[in-house]
Amino acid sequence: MTIHNDKIRILGKGITALALKDKFPNATLYDDSDFDTYDFDSDEFTVVSPGIPPYNEMVLKSKNLVSDYDLFESIIPFSIWISGTNGKTTTTQMCQHLLEEYNSVCGGNIGIPLSSMDEKAPIWILETSSFTLHYTNRSKPNIYLLLPISEDHITWHGSFKEYQNAKLKPLSLMKENDIAIIPEHFKDFKTQAHVITYKNSDDLCEYFKIDKSKIKFKEPFLLDAILAMCTQKIIFDEINYDLINEFIIDKHKVEEFRDKKDRLWIDDSKATNVDATINALVPYIKNDIHIILGGDDKGANLVPLFENIKDMDIYVYAIGSNTNKIVDYCNEYKIKVESCTYLNIAVAKMDEKLTKNSVGILSPAAASLDQFKSYAHRGDEFKNLVSCLS
């Protein structure tokens, strides 16, 4: 696809849109505030920023919709796309950590917008959201790493099926020389790519002859590390345990710390959906768990979470816009719960009950924007509140 500066317009005015504007100065940016001046009959290619949902009227009535991935299809070098519900960012960062010596660059949904990435770099590693994939119909990866899929962004996509379809779309565009590593659940999806399936990290270790005992990470980061190592093995036939073990996980992802009484706390504010919270609890299932849940659940089905935790030694502190929903589910599943609404109240109540043999964790299974600027803001507030405990 070749598009000239005067042939495109851009829906959105966020990071992706502004980066595109730098690339195409003659393009015009639109959002809902420009509705009255928007030409629905225009034949221009309309690049849709990932955050704009498919039910937006400007999207519904526009012609020639494309994603930024499609827009730059002709200049994207050898590319690795990484998607799934949880672990995308960490897997992308781990891939870059392993491949940086080969002059790879990473971006997409994190860091550098695709339109600002170095066109001379031999490898692009792209964290790829379901939003971008929804609007992508031409561009494809050479390697596609698909992490497990669970309910998320239901409000944006309209249903779990549509969310799942977006995540699987690259498979329908890939060719016979491309490689896809995907959960076994999707083994029958029709694609020309060479497909490698997995139920868990052990399957991938067996297939790629990776010794899991030499990797320092535990779940949920172990799968991320192994997927990154699989990519290095595919491209360069190398496995570098020392290098992967040097990688440092971002803040707010199952981040352990201790308070003045030497009690264990965990900042897992990045857990913005049910599956992330379920995975975060795995290393602590033998502990007495005190967990803060709640926020904007984006319309997702929360039942799997409560089915998963109902038999644990667990005490829930409900916060956020879905506080009442959390409390109702806890009562239904006979799980101990306190209605707190706000994070500071939850931490204060946890302080009264937490012992040296228990763990206090913020793993909300919900987005943060109902009460905070971001998940990072929520995590920082959590750590600040704990640090002030006497």
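**Group meeting: a helix pair and some salt bridges**

Okay, let's start with two helices: H14, residues 343–353, packs with H15 at an angle of about 40°, and their axes are 10 Å apart. Axes here are lines fitted to C-alpha atoms, for helices over the stretch in contact, and angles run from 0 to 180 degrees between N-to-C directions. Helices (H or I, at least four residues) and strands (E, at least two) are DSSP runs, numbered from the N terminus.

Before going on: this is a predicted model, where local features need pLDDT of at least 70, side-chain atom pairs count only at pLDDT 80 or more, and totals for chains, interfaces and linings use all residues. Residues are numbered from 1 along each chain as its sequence is written, and side-chain values use heavy atoms, with hydrogens and water left out.

Back to our pair. H14 and H15 are therefore oblique to each other; angles under 35 degrees count as roughly parallel, over 145 as roughly antiparallel, 65 to 115 as roughly perpendicular, and the rest as oblique. Who makes the contact, meaning heavy atoms within 4.5 Å? From H14 we have Leu343, Asn344 and Val347, and from H15 come Arg378, Glu381, Phe382, Leu385 and Val386.

Now for salt bridges: a side-chain nitrogen of Lys or Arg within 4 Å of a carboxyl oxygen of Asp or Glu. How many does the structure hold? There are 21.

Buried or exposed? Both Lys383 and Asp267 are buried. Buried means under 20% relative accessible area, exposed over 50%, and partly exposed in between (1.4 Å probe, protein chains only).

Over to Lys13, which bridges to Asp34, with the closest N and O atoms 2.9 Å apart. Lys13 is in the loop between strand E1 (8–11) and helix H1 (15–23), while Asp34 is in the loop between strands E2 (28–30) and E3 (45–48), 21 residues away. Lys13 is partly exposed at 39% relative accessible area, whereas Asp34 is buried at 18%. Asp31 joins in too: Lys13, Asp31 and Asp34 are linked in a network of salt bridges.

Last one: Glu119 and Lys23 form a salt bridge, their closest N and O atoms being 3.0 Å apart. Glu119 lies in the loop between strands E6 (104–108) and E7 (123–127) and Lys23 in helix H1, so parts 96 residues apart in sequence get tied together. Glu119 is partly exposed at 40%, and Lys23 is partly exposed at 33%.

Terms used. Contact means heavy atoms within 4.5 Å.
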